[in-house]
Amino acid sequence: MAARRAWELIGPVLLVAAVGFVGSLTSGSMEFQFRSVLVIATIVVALHVFVGNSGVISFGHVSFVVLGAIAAGVATTPAEIKARSLSELFPFLLDLQLSNIESLVLAAVLGGVFAFLVGVPIMRLSGLQAGIATFAVIIITNNVFRNWDRIGPAARALGPIPETTGFLQATIGLVLVIVVAYGYQRTRMARMLRAAREDPAAAQSSGVNIYRQRLLAFTLSGAMAGLSGGLLAHLLGSVTTEVVFLDLTFITLAMLVVGGIGSLWGAVVGALSIAGLNAFLAEAEREVGVFGFDIDLPSGTRLVVLGIIMAAVLLFRPSGLTGGRELSWPFARRGRVAPGG
Amino acid sequence: MIRRFRFLALFAALALIAAACGGDDSSDTTAAPSATTTTAAPATTTTAGGSTDTTAAPTDTTPIIIGAAVDLSQNMAPFNTPANRAAEIMVERINDAGGVLGGRPLELRTLDATVEPDVVKATAIDLIDQGAEILMVTCDFDFAFPAIQEAIQANILTVAPCIGTDAMGPNNLGEEGRIAFSFGDQAQDEGAVLAEFARDQGWETAVVVKNNLLIYFQDVVDAFAVRFEEAGGTVVATEEFTGFDGTIGSVVTAVANEEKDVIAISSGFDDLPAFVFGLRALGDDTPIVCSWACDGTFWYQEGEPLNEFYYNTKVSLFGDDPNQDVQDFLAELTARGGPPATAAWLGGAQAVQAIAEAIEATGGTDAAAMAAYLEGFDNKSLIMGEVTLNADNHTVFGRPHRIMQVTDSMPAFLELRTATSPADIR
């Protein structure tokens, strides 16, 4: 039983390590695309911690990503550049100069705090209302960051941000959030939240404080999203508020749904498959050689193919590629199925 | 067991494919794929053009690759596509005249970078890996930033055909940004020339409409407001919105309700026609002045004649530009691919010409040396006009703008106008 449970963690970690290892063997733009896939997967796993366990759709998690990205970016952009191009920043932000790791910690802390503050009123809501409320959060956050030049670049691009999200950091970042997500979902609190997901009335009558459990998951998830925002900023080397907005919101949600919304394994598989396919098609639009064959797709093919594949998965496998289940223990006897998430 | 490992097997296969994709960074430059446009004269030792010396064969005929990581399929395509086509023509002209450095041809290698930052960055990496020694980037700084950073990290000169802000260069990018330039006109210069034009028409009061989507849009109207008031006018109201935010309708209503002699705007994409034609639909015929962002007629609405509309641009696209060289170049551009959507092409042509001159003057493609040469441009005469750059201004300023007047949806050249100075908005 312990081995089977451990496999639910080891499986995703092995997959991520394999992707990281293979990516480290590539070069040029393909190498960058691999790192990008790992960072996007970090966002999806963060999203899963709340959405997967609570069953409440959140359109607002990219708010924590953008906060983390801008915080990490402002904290690490060279002071002389900030003084010239971001001179409207609060003085303490102009002076703030952190190392790479410190900036990631800051991003995670701010993401968690922001999620907690937002979650206090919103986590009382359920279903569609909660989804719309979280959508309002991303709209408000985007407008604040776009217009308030005292806390960020406003409409400008923030940068140059030190590009420190290499393979090691991207892989460790993703493994870290997977471990935290797994550790959380094994706790009693996460079980209570999943019970509330399945039957709120029954859970409540059993003494589960749904609001408290949702708030806890939302905060943890927000911290992880903040961390992933920091990794994203250090991957791209520049950030604009538009980069971390609705497109990222919908594509990460789509990745989670395609993988299987109810399981950590589904989040990892969905993110790596869709982000990987997206990256591959982007390369193919600029011509790419695969085992001696040149693949050269017309511009725009990527979005069409991605849309078709995502629609096909949802049509033919509505519960996602993994069926919303954790990775099965490969040595179990026939007929036994590991419990779902 | 096999079934249970199906996902691992699938992803292992995908990983292997991806690894195979990344193995070869070298690209066959002779076989230009459809997504890649390569323009270069064949490497030859025959000197063409003005030189008649055929005895001194050049020792090096390898092409100098100018990579173009530009958006050719998304929002910036109306600006980048004509700029890139003009750059291709200029490359051919230079190569027909013998190339640079005694016979080395230029090669423009173009990849569609879109405006998505990860794709922009990956495209720049691809081009640099393919041997690009100079990188041309998309006509908006925010969209181009990831590519600019790659060029700076690779220490190669990076040039935008038509970025219209002062973000290129050391003032915004630090000392490392000294190798970044734009051949667009500074927003401060555009705003100033529009304001001076407006005051010369006798317009006393203005409403400015600021689109916060792009810093370029903001800078133009800020510059207009500063210069308009410096010239004795009054800005009676400033209306703001953010492109695509769905509030343009209320902006139209608010502007229509103001008493004003002129409206100044810099905008684009879907909000521009929504504003202009929305205002006219309310019966407000107040003159509107707009920056180069309003160039071209592709955004006009059919069946709704546009009048009392003025904008500044780099060159006229409508057969009446006062510079014959411009008209000739435009005719060639049109013959080879249809009429350009905007005058952005001027920047593409001039950027390539400036790059070629910098290569000749410095004897190679050393980024720092070329940057120092470009910073020395003081009314430098390029094919279609004078260009000024200096150590603090890596985006062109002080160039004569074409003021265009739109009557019944037909733009026509009205006058040449140079700003007395760029407006100070920082």
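Modeller: Domain bounds here come from an automatic or database domain assignment. The model is a predicted one, in which local features need pLDDT of at least 70 and side-chain atom pairs count only at pLDDT 80 or more, while totals for chains, interfaces and linings use all residues. Residues are numbered from 1 along each chain as its sequence is written, and chains are lettered from A and ligands numbered from 1 in the order in which they are written.

Chain B is divided into domain 1, made of 61-185 + 325-396, and domain 2, made of 188-320 + 401-417. Between the C-alpha centres of domain 1 of chain B and domain 2 of chain B there are 28 Å. To their contact, domain 1 of chain B gives 18 residues and domain 2 of chain B gives 17 residues; two residues are in contact if their C-beta atoms, placed from the backbone, lie within 7 Å. On the side of domain 1 of chain B that touches domain 2 of chain B, the largest share, 3 residues, comes from helix α10 (residues 324-335) of chain B. Helices (H or I, at least four residues) and strands (E, at least two) are DSSP runs, numbered from the N terminus. Sorted by class, that side of domain 1 of chain B has 9 nonpolar, 5 polar and 4 charged residues. Here Ala, Val, Leu, Ile, Met, Phe, Trp, Tyr, Cys and Pro count as nonpolar, Asp, Glu, Lys and Arg as charged, and the others, Gly among them, as polar.

Now the sheet. In chain B, 7 strands form an open sheet with mixed pairing, in the order β8-β7-β9-β10-β11-β15-β16. Two strands pair if DSSP finds at least two bridges between them. The edges are held by β8 (234-241) and β16 (410-417) of chain B, each with a single partner strand, so one side of each is left without a neighbour in the sheet. On average, neighbouring strands of this sheet are turned by 25° against each other, direction ignored.

Strand β15 (residues 401-407) of chain B pairs with β16(B) in the antiparallel sense over 7 bridges. B:I403 has B:E415 in β16(B) as its bridge partner. Helix α8 (residues 248-256) of chain B packs on the sheet and touches β7 (205-211), β8 and β9 (262-266) of chain B. The direction of helix α8 of chain B makes about 165° with that of β8(B); axes are lines fitted to C-alpha atoms, for helices over the stretch in contact, and angles run from 0 to 180 degrees between N-to-C directions.
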